[in-house]
Amino acid sequence: MPSWPAALAAGAAAFSLLAMPVRAANPVPDSVYEPLRMEAGTWDAEVTFFENGQPSGSAKGVQVNTLLVNGHWIVNDFRIPAMAKLPAYQGIGTWGWDPVAKHYVNTWVDTNDRSVRIDHGYWHAPEQTMIWSSKVNDGEGHSVDYRATEEFKGDTRIFSFFQLGIVKPNAHPLVRIVFTKRPATQAGAASGLTPG
């Protein structure tokens, strides 16, 4: 039976192998990360909520988007301050190009305390638009499909989120957010995450 120092050394060697960065068999083109770079920064948000296909309310918020050091993943921190009838809201997402799945993947959680949402995305470069799809259990035995589009127009970004009908897959708008990017000189003012 090997002594514990030998076993410890063997374990450390195995761990070091696991910790080594894994190189992708096929390098990912840098252009794949362009949508992430476009989304990075601090954005003021004008939010419109929908009910039964019609606008039902509005809010203002701030989203701070931070790239990981290698530029391959981005963390979204979206906040809306408390309003008269609604508590403060915060949502956190992490997304990027998944080199194993070979498409964009986003994970989203927020203070609505519903199920974790995992989105699968496709970048349509000619229209500078990201298209997301997800399927979420509604807690009542239904798997509900969602779609989202994110249109990039320079310093403006338009995010539209839809639920697909269960019986007929018609798109029902839930929220539309118009983001306006803050100049880099003002981005530091976002530390308090209050609308500009």
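# Briefing: a predicted chain of strands and helices

Gly 61 sits in strand 2, which spans residues 54-67. The model is a predicted one. Its protein chain holds three helices and 10 strands. Along the sequence, the order of elements is α-α-β-β-β-β-β-β-β-β-β-β-α. The chain has 196 residues, and 31% of them are buried. Among contacts with a separation of 6 or more, 33% join residues 24 or more positions apart.

**Strand residues**

- Gly 61 is buried, because its relative accessibility is 0% and the limit for buried is under 20%.
- Gly 61 and Glu 46 are 15 residues apart along the chain, and their C-alpha atoms are separated by 6.7 Å.
- Phe 159 belongs to strand 9, residues 156-164.
- With a relative accessible area of 17%, Phe 159 also counts as buried.
- Setting aside neighbours within four places in sequence, Phe 159 contacts Ala 148, Thr 149, Glu 150, Val 175, Arg 176, Ile 177 and Phe 179.

**Nonpolar core**

- Nonpolar side chains tend to be buried together in soluble globular proteins.
- Here the largest nonpolar core has 30 residues.
- Val 47, Phe 78, Trp 95, Tyr 104, Ile 177 and Phe 179 have the most contacts inside this core.
- Strand 8 gives the most to the core, with four residues.
- Ile 177 touches Ala 45, Glu 46, Val 47, Phe 78, Arg 157, Ile 158 and Phe 159, leaving out residues up to four places away in sequence.

**Salt bridges**

- Side chains of opposite charge can pair when their charged atoms come close.
- The whole structure contains 10 salt bridges.
- Glu 34 and Arg 37 form one of them, at 2.9 Å from N to O.
- These two residues lie three apart in helix 2 (residues 34-39), so about one helical turn separates them.
- Glu 34 is partly exposed at 34% relative accessible area, and Arg 37 is partly exposed at 33%.
- Asp 30 joins Glu 34 and Arg 37 in a network of salt bridges.
- Asp 145 and Lys 135 also meet in a salt bridge, at 2.9 Å from N to O.
- That pair links distant parts of the chain: Asp 145 is in strand 8 (residues 143-153) and Lys 135 is in strand 7 (residues 129-137), 10 residues apart.
- Asp 145 is partly exposed, with 23% relative accessibility, whereas Lys 135 is exposed, with a relative accessible area of 53%.
- Glu 150 pairs with Arg 157 in a salt bridge whose closest N and O atoms are 2.6 Å apart.
- Glu 150 is in contact with Phe 159, and Arg 157 is in contact with Ile 177.

**Largest pocket**

- The largest pocket has a volume of about 1,400 Å³.
- Its lining consists of 50 residues.
- Tyr 89, Asp 110, Asn 112, Arg 117 and Phe 161 lie nearest the centre of the pocket.
- By class, 26 lining residues are nonpolar, 14 are polar and 10 are charged.

**Positive phi in loops**

- Asn 52 is not a glycine, yet its phi is positive, at about 55°.
- Asn 52 lies in the loop between strand 1 (41-51) and strand 2.
- Asn 52 is exposed, because its relative accessibility of 77% is over 50%.
- Lys 102 is another residue other than glycine with a positive phi, near 65°.
- The loop that holds Lys 102 runs between strand 4 (89-98) and strand 5 (103-110).
- Lys 102 is exposed, with a relative accessible area of 55%.

Note on methods: Residues numbered from 1 in each chain as written. Predicted model: local features only at pLDDT ≥ 70, side-chain atom pairs only at ≥ 80, totals over all residues. Heavy atoms only, no water. Salt bridge = Lys/Arg side-chain N within 4 Å of Asp/Glu carboxyl O. Buried < 20%, exposed > 50% of the residue type's maximum accessible area, 1.4 Å probe, protein only. Core = buried A, V, L, I, M, F, W, Y, C linked by side-chain atoms within 4.5 Å. Contact = heavy atoms within 4.5 Å. 1 Å grid on protein atoms, 1.4 Å probe; cavity = no way out; pocket = protein on both sides within 12 Å on 5 of 7 lines; lining within 4 Å. Points joined across faces, edges and corners; volume = space filled by probe spheres on them. Nonpolar A, V, L, I, M, F, W, Y, C, P; charged D, E, K, R; others polar.
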